[in-house]
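Work through the exercises below with the structure open. Each task is followed by a solution in steps.

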Number of protein chains: 2
Amino acid sequence: MIRTAIIGYGNLGKGAESAVAQAPDMELCAVFTRRSPETVTIKTPGVPVYNYSELAEKAADLDVVILCGGSATDLPWMTPEVAGICTVVDSFDTHAHIPEHFAAVDKAAKAGGNIAVISTGWDPGLFSVARLYANIALPQGSDYTFWGRGVSQGHSDAIRRIPGVADARQYTVPVAAAVERVRNGENPALTTREKHTRECYVVAEPGADLEAIRKAIVSMPNYFDEYDTTVNFITEEELLRDHAGLPHGGSVIRSGVTGWEGEYRDTIEFSLKLDSNPFFTGSVLVSCARAAYRMNQRGESGCRTLFDIPPALLSEKSAEELRAHLL
Amino acid sequence: MIRTAIIGYGNLGKGAESAVAQAPDMELCAVFTRRSPETVTIKTPGVPVYNYSELAEKAADLDVVILCGGSATDLPWMTPEVAGICTVVDSFDTHAHIPEHFAAVDKAAKAGGNIAVISTGWDPGLFSVARLYANIALPQGSDYTFWGRGVSQGHSDAIRRIPGVADARQYTVPVAAAVERVRNGENPALTTREKHTRECYVVAEPGADLEAIRKAIVSMPNYFDEYDTTVNFITEEELLRDHAGLPHGGSVIRSGVTGWEGEYRDTIEFSLKLDSNPFFTGSVLVSCARAAYRMNQRGESGCRTLFDIPPALLSEKSAEELRAHLL
C-alpha cells in the first residue's frame, strides 16, 4: 500500500480523500492543515489530522503527499518546501508561471531526492496531454481550448470582493457557434469575446446599489471586461438551491491537416463534462501520486509533469492487464 | 537527423512518407518493398527503394524503421524479424492477438538490443491512451468505443471476395442515438447491432445476381451478420467519384462517477474526424518512431506501446517548450 497524506482540506482535499479511499493500492495515513487540527473533521475513520508544521517529522512514514492548496498564494512556496521533504504532487494551474514553478520545485525535489509532479488535474493536466498528443499526430494545425459550462472559483471570488455583494457564483460558458466552427475545421481566428461568455449569479446585500454592482462586474479588468457578461441578481436561497455544485468541463480541439499539400483535414477533440470539478481533479491527483511514488521507487528525483510520465505508471493495473483490455 | 526507413509502400507507407518529410528532425533514407524495387516509384526525391531482403545489410545506416504492412499476414512475422535487426514501430491492430505479438516482438527486440513500439496509430494508439487516461481519472465507470463514419478496409475486402462483386466500399457508421445515450451518462448496455450499422457500396459484375450478393453480404458471419447492413449497388464510375477516399474516425467515451457515494457523474470523450485514415496513422507512426529512437539512444531495448512512452518523447519540441506552450 502506498502511504499517502493530503495537505489542505478544502474542496480539493475532500475530493482527493475520496479518491484515495477508492484506490486499491493506496492508504490515507494523515491529513495536514494550517488550521487548528482539532477544528478539522475528515471523512476517513481513524486517520489523524496534524498541523502543517508537523509534516517534516511525519514525512519518514509517508510515500507521497498530495498538495491541495491554491495556486495563487499556497503552492508557489509550499510545493518547493514539501518537495524537499517528501515525494509530492500538486495542481498548480497558473499557466503563465509554470516554468518558474517547475524550476523552483525541480531544484528542491532533486536536493531532497524526491519526485514532484506539478500542474496536474484537468487543465493543466488531462487537457495538456490531449493538446500534446493532438500536436504530435497533427504537427500542422491550430489548438483551441474551450472551458465550461462550469463554475470558475476565481471569478466568483472576484465578484464577492465587490462592495454590496454578499455571495456570487460565476459560470464560464463556451460560445456554441464558435465551438461548431472549430469542429467543422474552419480554423477561425477567435477573440476572447467570441470564445466564451460569463454568467454571474449574485446575492446583493440589503439596500445595495444593484446597477453599481453590475457595472463593477462587467467592467472589471482581466476578469470580465473582454467578455459578454450577464449579471443575474438572486436570493441566498436560490444560490444555495440552484448553484451549490461545482460542475465544470470543456473541450480541447485541434484542427489540422495531413498530406503532401495539406489536402486532408482532420479534427481531434478531447472533452470533459464534470459534475464536480474538485472530486475529478482529486482523482487525477491521486493517480499522479501513484506514478510519483513509482518513479521515486525507481531511484528518480526532480520535477515532472504528465508530459514526462508513461501513462501506464498512472494505473494500478499491471502492464499486461492494460495491454489486454485497454490497448 | 533521425535516419528513417519505411517498409511497405501501400496507403500507410505513403502516409508515413509524407509525415517523415514534414518532421524537422527526421530524414527518409530508404523504402523497402517485397515487390521488385524498380516497380515502386516513391514521392521523396533521391531516396532509394530496396527489396526487403536487403534490410539486414542496410540496417547499420538506419536509426528506426517504420513497418507499414498489414496486421493479418505481414506484421506477425515481420515485426519480430525486423526488431532483431533495427529499432522499429508497427501498427499491429488485431486487438485479441496483441499479447502474443508483444511477447514475440519483446523477445526479438531484447535479443537485438533494439526498441520496438507496436500497435500504434489511432485504434490501437491514440484511442488506447484516451481509454487509459479516462480510466485513471474515473476508476469507476464504463468504456465505449464508436468507430466511424469511415471506410473499413477489412470489410470492403470481404465484400470483394463474394462471387459477382467487381469492387466495393464499406462504411462503418456509429448509431447516433446510442452515442447520445452514452454521452448523457446513461451507461447503457449496448449490443453490437445497437452500436454500429454497416453501409456497403457495391459494383457488381455484368449479369451478376444482385439479390444473391446482397444476401451473401448481410449474412456473412462476424463481418455483417450481427449488424444492420444496407447494400447499395452503384457503378464503377460512382465508386471512383464518390468513394475514392479513406476517411475514418470515431469516439472513445468513458462515463463514470466520483464521490463517496458515486454522487458525481462525469463523461470523458476523445474523438477523431479524419479525411485520410492512412495519412493520419502514418503521422502517429512517425512520432512513435522518434520516441523509439530516443528510448533506444538511452540504452533501452524491448517492446513498448504508447502506454509505456512519456508523451513528451513523441514530440520534436523540447521539454521547456512543451511546458511553456502546451501544458
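**Exercise 1: Cysteines of chain B**

The sulfur of B:Cys29 has its closest cysteine sulfur in B:Cys86, at 10 Å, which is too far for a bond. This is a predicted model, in which local features need pLDDT of at least 70 and side-chain atom pairs count only at pLDDT 80 or more, while totals for chains, interfaces and linings use all residues; side-chain values use heavy atoms, with hydrogens and water left out. Residues are numbered from 1 along each chain as its sequence is written, chains are lettered from A and ligands numbered from 1 in the order in which they are written.

Task: state how many disulfides there are over all chains, and classify B:Cys29 and B:Cys86 as buried, partly exposed or exposed.

Solution. 
1. A disulfide is a pair of cysteine sulfur atoms within 2.5 Å.
2. Seen from B:Cys86, the closest cysteine sulfur is that of B:Cys29, 10 Å away, so a bond is ruled out by distance.
3. The count over all chains is 0 disulfides.
4. For accessibility, buried means under 20% relative accessible area, exposed over 50%, and partly exposed in between (1.4 Å probe, protein chains only).
5. B:Cys29 has 23% and is partly exposed, whereas B:Cys86 has 2% and is buried.

**Exercise 2: A helix pair in chain A**

Task: describe how helix 1 and helix 11 of chain A pack, giving angle and axis distance, and the hand of the crossing.

Solution. 
1. Helices (H or I, at least four residues) and strands (E, at least two) are DSSP runs, numbered from the N terminus.
2. Axes are lines fitted to C-alpha atoms, for helices over the stretch in contact, and angles run from 0 to 180 degrees between N-to-C directions.
3. Helix 1 (residues 11-22) and helix 11 (residues 277-297) of chain A cross at roughly 55 degrees, and their axes come within 7 Å.
4. Helix 1 of chain A is therefore oblique to helix 11 of chain A; angles under 35 degrees count as roughly parallel, over 145 as roughly antiparallel, 65 to 115 as roughly perpendicular and the rest as oblique.
5. The crossing of these helices in chain A is right-handed, that is, the near helix is turned clockwise from the far one by less than a right angle, with anticlockwise being left-handed.

**Exercise 3: Backbone geometry in loops**

Task: say which peptide bond to A:Pro124 is cis, and what phi A:Asn222 has.

Solution. 
1. The bond from A:Asp123 to A:Pro124 is cis, with omega near 0 degrees.
2. A:Pro124 is in the loop between strand 6 (115-117) and helix 5 (126-137) of chain A.
3. In chain B, the bond from B:Asp123 to B:Pro124 is cis, with omega near 0 degrees.
4. A:Asn222, a residue other than glycine, has a positive phi near 65 degrees.
5. A:Asn222 is in the loop between helix 9 (210-218) and strand 11 (228-233) of chain A, and is exposed at 63% relative accessible area.

**Exercise 4: The setting of B:Asp275**

Task: locate B:Asp275 and list its contacts beyond four places in sequence.

Solution. 
1. B:Asp275 sits in the loop between strand 13 (264-274) and helix 11 of chain B.
2. With a relative accessible area of 37%, B:Asp275 is partly exposed.
3. Its neighbours within four places in sequence set aside, B:Asp275 is in contact with A:Glu263, A:Tyr264, A:Arg265, A:Asp266, B:Leu246 and B:Pro247.

Technical notes
Contact means heavy atoms within 4.5 Å.
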